[in-house]
Structure formats: C-alpha cells, structure tokens
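Look over the sequence and the model first, then read the points below.

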Amino acid sequence: MVGNHKIQYNALIMSELQPINNGQASPSLPRVLGFWSIVSIVVGGVIGSGIFLVPKDIAAAVGSPLLMMAVWVVGGLLSLFGALTFAELGAAYPQAGGMYIYLREAYGPLLSFLFGWALFLVIDSGAIATLAVAFSSKYLPYFFPISPAGIKLIAIGLIAYLVVMNILGTLAGAILQNILTFIKFIALAGMCAVVFLFAPGHPGHFINPAPQKFSMGLLSAFGVGLIASLWAYKGWESATYSAGETKRPERNIPLGLVAGTLIVIGIYIIANLAYLYVLPAGEIARSDRIASQAMNLAIGPLGATIIAVVILLSITGAANQNFLCSPRVYFAMARDGVFFKQVGEVHSYYLTPHVSILALGAWSVILVLFFGTFERLFTYVIFGQWIFFGLTGASVMVLRSKKPDLPRPYKTFGYPVIPVIFILSAAFISLNALLGSPRDTLIGLLVIFLGVPIYFLFKLLGSKPMPA
C-alpha cells in the first residue's frame, strides 16, 4: 500500500508535465525552491510591517500588558495550528495554487474560485497595497517629508520594482526573499538585545496596569487586538501556493511551514517584551513608530535611524513574498478555465507566471490609489482571509472522508483537535470582525459574493482547462 501511494504521489507531480490538446508541451513551473526557501517565504513574508505597527492597535484595544502578550501568544498559536493543518494538504497536493487546490478538491470549483477571487481583489492585493502604503507613509517620512501624492507614487514604485523582480525568475524572487529575510531576522534579534542591554527599562511595565475583570466588552476588545495580531502573523499560508515550484514538496512544505511559523512566534514575543521593557502599555498605544522609539531610548537617534531602514527592508520582503507566491493561485485558476486564459501562461524564457504577476501588481496599484490607508485595508484583508482559513482547515476532515486513499506523506499533528480549534477560532475571528467593523467587513463579503456571477460568466465563455 505504501508503494502504491508513492506511485500515485509521483504521478500527481508528473501530471504537471502533460501535453495540452494540440500535442505540444505545456510550459510548467520549474521546481527550484528548497527547504530554506520555504522557511524564508514564511519568515520573510510574515515579518513585515505588522510587528512595528500593530502593537499600538493591540495596546489601545486591551490596555493591559498581560493581555497584550496573551494576544500575541494566541495569535501565534492559531497560526501554528493553521500551519500544522495546512501542512497535510500541502504535502498531499504538491501543485501550484495551495488553498485554491484544497478548496477545489474538498468543496468543488465554485468555492475555490471565490477564494481565488477574494485573494486577488482583497486579501493578497490588499496586503501588498497595505505594505506599500506603510512603506511610503509610516517609515520613509522618518528621513524626509513626503506629500500625499508622493506617498502614493512611492508605493506604486515599490510595487513595480517587485513585479519586475519576480517576473525575472522564481529563483531571483526567492534569492531576494532570502536576503531580506536574513537582514530583518538579524536586525530584529539585534534590536531586542540592544533594548534589553542599554535602554532604561522597568519590569513593572510587564504587569501594570492589571487586566480588567472579564466581560463581553473585554472579550470583544481581545478579539479586536487578535485581528490586529493576525495581520502581523499573516503570510505563513502563502508557502503552500508555491508547492508546484518546491523540490521534495512532501517534506519541504510541512517542515518549512512549521519551522518558519515557530521562528516568527519566538521573535514576535521577544520583540514585544522588549517594547514593554522600555515603554508602558499606555505609551505603546500612542506610538506610531514603536521600534524606532525603543531604539532611540537605547542608543539615541542613530538607533532609531537604523531600525527605520530595517523596517523599510522588512516591509519590502513581506510584499515580495506576496508576489513570489500569490500569482500561483491565479495561474492555477486560469489553467482550470475559470480565469482569464492569459493568466495561465508561463514566460518562455524566465519560466514564471508573468501575466499573473502583472495582473496582481496592477490591481494592487488601484487599491493604493483608491483605498490607501493602513487601518482600513488590513480589516478587509483579515476578515476575508479567515473565512477561507476556516473552510480550508475543515477540508482536511472533508478530504480524509472523501478521498481516504489519497497519498498523505504528512498527517496533521494532534488531529482532529488542532484542526477543530483552528476552525472554531476562524469562525470567532470572522464574526468578531463583522461585529466590530460591520461596514468594512460587509464590503469584503460583497466583494466575495460578486465572484459568483463572475464564475458562471467564465464557465459560460467556455475556457478549456489546461494541465497544471
């Protein structure tokens, strides 16, 4: 039975190389990403602007340092539970598209299309736009003043640069990702060490003020803070989108997902302890540049300048991860015949889904121009994301029942408890976002359901599926 499963698994990978109907070979995406590239995609994509910007929002929501740290721990655990769950799916379906593939196999093509539609219009394009706006409006002005028009132009310029880099080759995008990830990890670790060693801190900041007594209002506030932390943790799932370009995906996808997520959780907790060491929760709630402020207290203006540069590189790496991974979803949709046919093309020389990358970049620019505020954009992103996270988590159970003979090189640790906790948490986060920001989340829902007639329009046009 094990031998049969291995044959089936190898056949699944080889199916990507099948010819199209005219008998000519269909270009495929080369498998060039190894274990460290997957770890880098996770770490480099997750550590972006969130750890530098959302501590303010979390502190404002919950008030108490103990609750602040609880928000970061819970957000990290939920992300880890998600990584453990998605790892089974990533190993079982080593194809470009990640969550899109899992939703398609579990629930059918309409729901998977709605995910891809939401990913393109709101989730990852919104993340890119948010990061680009944070780059030009939050930290670049530390060095020189920028007009509102300049903020948008710089954000668009960053997007254009990343589009070009990722069209030039998957390996080129991965190398850029690895370099930026290394810089930001070393810099964050160094920042924490410098703050603890040289800043005038106070241990009382870790416990004062004490948490309020439990109430529904406090639970709702915790949920608001959790949504902010999940923006900071966003990105671990994107590694599955590149499974079709990963060497030994049955090993590297599960290990890379879990290892990368654990690294992020560790550095986030240490960074927030460093912030609290030098600043009380109330002051963190008023700080737009918490890392720079902490470094300024430790070693003066030079430290604040250094950390501002690091943050700009960090944001660039997180945005790059979206271009490295997300276009593979739209590529898979096009090859299924439910998106524009050109999006499924592979560049004849660079072997990248160049049209898909260009389309994502163009829509991200539109979001920058018309919805370019950090706070508003990340509400759209998190709400839409966690609806589909919950459905994808449940697909592990659906597929175990629906396809018991599917080769599964890795099975979810703690099954079924960990997937169930992840699914229930996704439902809570989505509901809390709906109650806390009804206008923004309803707009997100509207965008998702607008995909229904679009799906049937693509089906009506009769675009023929292509081999993945």
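Helices (H or I, at least four residues) and strands (E, at least two) are DSSP runs, numbered from the N terminus. This is a predicted model, in which local features need pLDDT of at least 70, side-chain atom pairs count only at pLDDT 80 or more, and totals for chains, interfaces and linings use all residues. Residues are numbered from 1 along each chain as its sequence is written, and side-chain values use heavy atoms, with hydrogens and water left out.

**Overall build**

- The chain has 19 helices and zero strands.
- Its radius of gyration (taken over C-alpha atoms) is 22 Å, close to the 23 Å that the globule rule (2.2 Å times the number of residues to the power 0.38) gives for 468 residues, so the chain is as compact as a globular protein of that length.
- The C-alpha trace spans about 70 × 45 × 40 Å along its principal axes.
- Of the 468 residues, 58% are buried, meaning under 20% relative accessible area; exposed means over 50%, and partly exposed lies in between (1.4 Å probe, protein chains only).
- Among contacts (heavy atoms within 4.5 Å) with a separation of 6 or more, 84% join residues 24 or more positions apart.
- The chain exposes about 17,800 Å² (Shrake-Rupley method, 1.4 Å probe; for residues, only the protein chains shown count as cover). Carbon and sulfur atoms supply 73% of that area.

**A nonpolar surface patch**

- A nonpolar patch on the surface has about 1,000 Å² of accessible area, and its members include Phe143, Ile179, Ile263 and Leu313.
- Patch residues have over 30% relative accessible area and no salt bridge; nonpolar side chains (Val, Leu, Ile, Met, Phe, Trp, Tyr) are joined within 5 Å, like charges within 9 Å.
- A salt bridge is a side-chain nitrogen of Lys or Arg within 4 Å of a carboxyl oxygen of Asp or Glu.
- Helix 8 (170–198) and helix 13 (301–325) each supply at least two patch residues. Helix 8 gives the most, with seven.
- Ile179 lies in helix 8. It counts as partly exposed because its relative accessibility is 46%.

- Ala232 sits in helix 9 (residues 216–233). At 0% relative accessibility, it counts as buried.
- Not counting residues up to four places away in sequence, Ala232 touches Val46, Gly50, Ile51, Val54, Trp72 and Tyr268.
- Thr246 is in the loop between helix 9 and helix 10 (249–278). Thr246 is buried, at 0% relative accessible area.
- Thr246 and Gln95 are 151 residues apart in sequence, and 8.9 Å apart in space, C-alpha to C-alpha.
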